[in-house]
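Hi everyone, thanks for making time this morning. I'd like to walk you through how the parts of this model touch one another, so please have the picture open as we go.

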Amino acid sequence: MKEQLQKDFDNSIKNLSLSQKDIEIKKFCLDNFIDKGFPNKKEEDWKFSDLNQIIKNNIGELSFYNDQASTNKVDTSVFVDGLEHNKIVFINGRIEKIDFEYEKKDQIEIIDQSETINEFQNSNSLSDLNNAFTNKCFKILVKKGYQLAKPLIIYHTTNSKIWSKNINLRLNFELDKDSSLRLIDLFNDASEKNFLNIFYNLKLKENAVLKNYKVDKFENKNIKYSFNNIDQDKNSISETFILSSGSNFSKNEINCNLNGVYASAFVNGVFSLNNDKHHEIRSIINHLTENTKSYQLIKSVLEQSSKAVYQGKIFVNSDAQKTDGYQLSKAILLNKESEFNAKPELEIYADDVKCSHGSASGSLNEDSIFYLMSRGLSYQQSRELLINGFLLDVVEKITDSEIKNLIKNMLGIKE
Amino acid sequence: MDNRQKEINNLKDYKYGFSTDIENIQAPKGLNEDVIKFISNIKKEPEWMLEFRLKAFERFKVLKEPNWQKPKFPKIDYQDLYYYSAPKSMKDKPKSLDELDPKLLETYKKLGIPLQEQARLNGIAVDAVFDSVSVATTFKDELTKQGIIFCPISEAIQSHPELVKKYLGSVIPTSDHFFATLNSAVFTDGSFVYIPEGVRCPMELSTYFRINASNTGQFERTLIIADKGSYVSYLEGCTAPMRDENQLHAANVELIALDDAEIKYSTVQNWYPGDQDGKGGIYNFVTKRGLCKGKNSKISWTQVETGSAITWKYPSCILKGDNSVGEFYSIAITNNHQKADTGTKMIHLGKNTKSKIISKGISAGSSDMTYRGLVDISSKAKNSTNYTQCDSLLMGNKCGAHTVPYIKNKNSESNIAHEATTSKISEEQLHYCQQRGLNPEEAVGLIVNGFCKEVLQQLPMEFAVEAQKLVGISLEGSVG
């Protein structure tokens, strides 16, 4: 892999106009990655999902160079119908379109930040890989007091031109005082056996509201890793919803720093898996100052030999008195082969807090099925009703009604 | 001042902190094959036992000290320890208590464990372990009548080699983790219990561990076998003198329950916790593992952990037999600079297996406490259930309380439920108690005892009273 990395790195550097200093930083990151390789199960955070092994088994040899010179045609059929929205379109990792047609142009600024490097607190080798190979990075700045009229949908599209490729991309968002943004990440893959490595850095200033919905619904054979780093100031609210279903393997990591008083974070997720899919959500909520709040709800429905992992951590600093932290994960295993692993973790250094977590996993309740069947439903209908009800609980937590309906439709849940 | 308060004041300092001035025989300092041969030789062990030790030592040489645990400690120099220390008078084993060194008798009397049978604790048979040797075992005759074997493990190796050979290392193999392997290589003494088929042990069996010599590691090994349809309740207590340096205690405990057997294992651990600034104290790195080998067997761990500078242990149950049951009840209290990383592992392998985990953690002062546990339901363990509850109580904002459960479910017909909470003692509760005339310390004691009640109830009577007092004393000075 080493020679491949080196060769692809030299190729991608050649096409970029970077300063000597930037090249050196990128080189440093590359060396770090070569040194560490893909995360494996020896690392505590990857205990349940050995990415190194998964890539080996599903893809084999990866290549890292993406020719970004030619443009791809944007396929408009993937766009969401019936919901007016702004768009950013990625095709095979290349930004093809940025379109804020419904917004006031002077209130949103798009800044090219390709030279800056990600520095996350708990970085793993994938952040090094991302730094080394990302060649275009934008920062989207929502100005003071501006609230976007329509949601922004980011289309992550791949087409059949790529194969066994690693795609790295990065976006930064900054929401200034009193602003708000609804952000949907929609994955749509026509390619197979690629590894997508996505880093978002989101900054929320005072009173800002961010709603992020990550939707991975369409069946595909790609492997995805996505990392969201969220920094929150006073009174800000972040809401993250993850629908984890389509890809072969996917790991979503949310690292949320509640830096300002009265900041709150919500992380909700649904795993709906079949075949031999393996998905993971890992969340770390850092309560760093007093009077902050976090709430997490994760539900999984696992069919065939699928596997879901939830690792959630609530960290409470010794200054963070009056913290309210809650975390619940529930799973239904529908098949003998399915598997659910959880590691709900509390790390608490302050005494005046209210923190709790719960985790439960098991089979579908036979008594409930019996109840429904005795009222005339077939076995299949009762099962569906129960599973839908189970998942609806999380979907109902979505605070935006337009998007809630969109996601309900995608899941095929009727009320 | 009422009686309770007086009592607490008397006990304010670690009351077991004295040391006994007694002449010792020690192995040469350091860890090597010669020392292992020395230990094996002094214990007059058969060849296979020495082989067992050397095999473990071979393995130990390639292992590295683990460092994933929460409480970090300065590197232990394993060559700077004595691996064997015994009172000189024990060289030729005394045949009865009359021949026992009076100083030893005095020590145990001071600890509240009289070895003379006339002053016996009601209905409890005691095996007293002093540094590296077992000094006395009481009630032997009465137990022998029922076919129960309760003796030091060094004696069992001589007199019941077939049992020891069959079961020693069957739950904790010589190739286990660092500290367990170290124990397998250098273990000195401990208790051996065998309950024959269909016998319900008529009294509580108990071991009392005492570390006396300085610079010594205590490596004891306990092996309990409950044959088909038998029952035994076993208690363990520990103390050590106050010393400025840290001492290592790395024990291995193996339990084996065959068909329909039940083992109840209770620990009240009160090793010297170090002084208020965190100087000294015992490193309590213990491996405890029980195997529910037969159908319908049951193993239940109850622990009250109040002592030690660092407690690092996970009493586990391997539920191999169908319908077997594993239980874990724990109270862990840390104060001042104490640290604890404790919990349990429940490995479900058989069908219809059940496990229950109740853990209560209380941290005060500048201490740090972690519950770390694993519940693993394998794909064959149909219809298994687990229930876990871990509650933590924090006192003050300099301490920490953490919960790290690992939950693995590979079986769709099994259910796992886990819940955990962290909170502090509410002002309302304190106010209510004080209004009724309790002083703040008494009020905290009362509330904490209530918080722990679920676990305290599991202890045998004599221990429960002691443990209840211990809970109050350990939190001394943490309020007001």
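Let me begin with a term: domain bounds here come from an automatic or database domain assignment. This is a predicted model, where local features need pLDDT of at least 70, side-chain atom pairs count only at pLDDT 80 or more, and totals for chains, interfaces and linings use all residues. Residues are numbered from 1 along each chain as its sequence is written, while chains are lettered from A and ligands numbered from 1 in the order in which they are written.

So, chain A has domain 1 (2-260) and domain 2 (366-415). Their C-alpha centres are 32 Å apart. Domain 1 of chain A gives 12 residues to the contact and domain 2 of chain A gives eight; "in contact" means that C-beta atoms, placed from the backbone, lie within 7 Å. On the domain 1 side, β7 (180-189), β9 (209-216) and β11 (237-244) of chain A each give two or more residues. Helices (H or I, at least four residues) and strands (E, at least two) are DSSP runs, numbered from the N terminus. That domain 1 side has eight nonpolar, no polar and four charged residues. Nonpolar covers Ala, Val, Leu, Ile, Met, Phe, Trp, Tyr, Cys and Pro, charged covers Asp, Glu, Lys and Arg, and the others, Gly among them, are polar.

Now a helix pair. At what angle do α5 (residues 366-374) and α6 (residues 379-395) of chain A pack? The angle is about 125 degrees, with the axes 9 Å apart; axes are lines fitted to C-alpha atoms, for helices over the stretch in contact, and angles run from 0 to 180 degrees between N-to-C directions. α5(A) and α6(A) are therefore oblique to each other. For that word, under 35 degrees is roughly parallel, over 145 roughly antiparallel, 65 to 115 roughly perpendicular, and the rest oblique. Among the residues in this contact are Leu372(A) of α5(A) and Tyr379(A) of α6(A). By class, the contact of α5(A) with α6(A) has six nonpolar, two polar and one charged.

Finally, the two chains. Here 31 residues of chain A are in contact with 29 residues of chain B. On the chain B side, β23 (400-409) and β24 (415-424) each give two or more residues. Strand β18 (residues 339-348) of chain A runs antiparallel to β23(B), joined by six bridges; strands pair if DSSP finds at least two bridges between them.

Conventions: Contact = placed C-beta atoms within 7 Å.
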